[in-house]
Amino acid sequence: MSTPRTHVAEIVSQWNRERPDLDASPMLVIGQMARLTQLFEPHLRPPFAAVGLGNGDFDVLAALRRAGEPFMLTPGQLATSLLVTTGAITKRLDRLEARGLVRRTVSGADGRGRLVNLTTPGFASTDELISAHLVNEARLLSALDDRERNQLATLLDRLAEALEAPQPEPAGPTHGELMSR
């Protein structure tokens, strides 16, 4: 039986045995990244849940706080910043506004537009939570020294840039073509 640490390597080894004509080594990276995402999640959200914030609520507060004075953005800017739909932002804003952490107002420049800003309690909560969040993240990465963390961040950034760049059309049959065979 494999340990979680060796599970991805075992999968790659099995593919190497069954399909030696294929290079399964990319799974070593992608599989570990997926595994890390699963491992991080239960450690990242509890501090926010402890103060009654749902998934994504803190992200909205943090986006407003890091926007700088006057700590105000449009719902569209929040959606873009957080890589979610405006519908998801609306639900989050409803919860946060009900708790008095944000306020929605009509835009002075466009009566149809809305602005969202942190309230004084929202500002204070965000500053307290970001401190706890960063300590928690540092704890989760404590197996790496500063040089290793910087190196990993650089490599992940390079990978993200490559994936965000326009991609050439894949060679060979598409998934749909393979499935119809």
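This is a predicted model: local features need pLDDT of at least 70, side-chain atom pairs count only at pLDDT 80 or more; totals for chains, interfaces and linings use all residues.

1. Residues are numbered from 1 along each chain as its sequence is written, and side-chain values use heavy atoms, with hydrogens and water left out.

2. Helix 4 (residues 57-66) packs against helix 7 (residues 120-140) at an angle of about 105°, the two axes being 10 Å apart. Helices here are DSSP runs of H or I with at least four residues, strands are runs of E with at least two, and both are numbered from the N terminus. Axes are lines fitted to C-alpha atoms, for helices over the stretch in contact, and angles run from 0 to 180 degrees between N-to-C directions. Helix 4 and helix 7 are therefore roughly perpendicular, a term for angles of 65 to 115 degrees, where under 35 counts as roughly parallel, over 145 as roughly antiparallel and the rest as oblique.

3. On the helix 4 side of this contact (heavy atoms within 4.5 Å) are Phe-58, Leu-61, Ala-62 and Arg-65, which meet Phe-123, Thr-126, Asp-127, Leu-129, Ile-130 and His-133 of helix 7. By class, the residues of the contact between helix 4 and helix 7 are six nonpolar, two polar and two charged; Ala, Val, Leu, Ile, Met, Phe, Trp, Tyr, Cys and Pro count as nonpolar, Asp, Glu, Lys and Arg as charged, and the others, Gly among them, as polar.

4. Helix 2 (residues 26-44) also packs on helix 7, with axes that come within 11 Å and cross at roughly 145°. From helix 2, Phe-40, His-43 and Leu-44 meet His-133, Asn-136, Glu-137, Arg-139 and Leu-140 in helix 7, and the contact of helix 2 with helix 7 holds three nonpolar, three polar and two charged residues.

5. In the loop between helix 4 and strand 1 (72-73) lies Pro-70, and the peptide bond that joins Glu-69 to Pro-70 is cis, with omega near 5°. Phe-71 lies in the loop between helix 4 and strand 1 as well, and has a positive phi, near 55°, although Phe-71 is not glycine. Phe-71 counts as buried because its relative accessibility is 13% (buried means under 20% relative accessible area, exposed over 50%, partly exposed in between, with a 1.4 Å probe and protein chains only).

6. Leu-83, in the loop between helix 5 (75-82) and helix 6 (86-98), is a non-glycine residue with a positive phi of about 55°. At 78% relative accessibility, Leu-83 counts as exposed.
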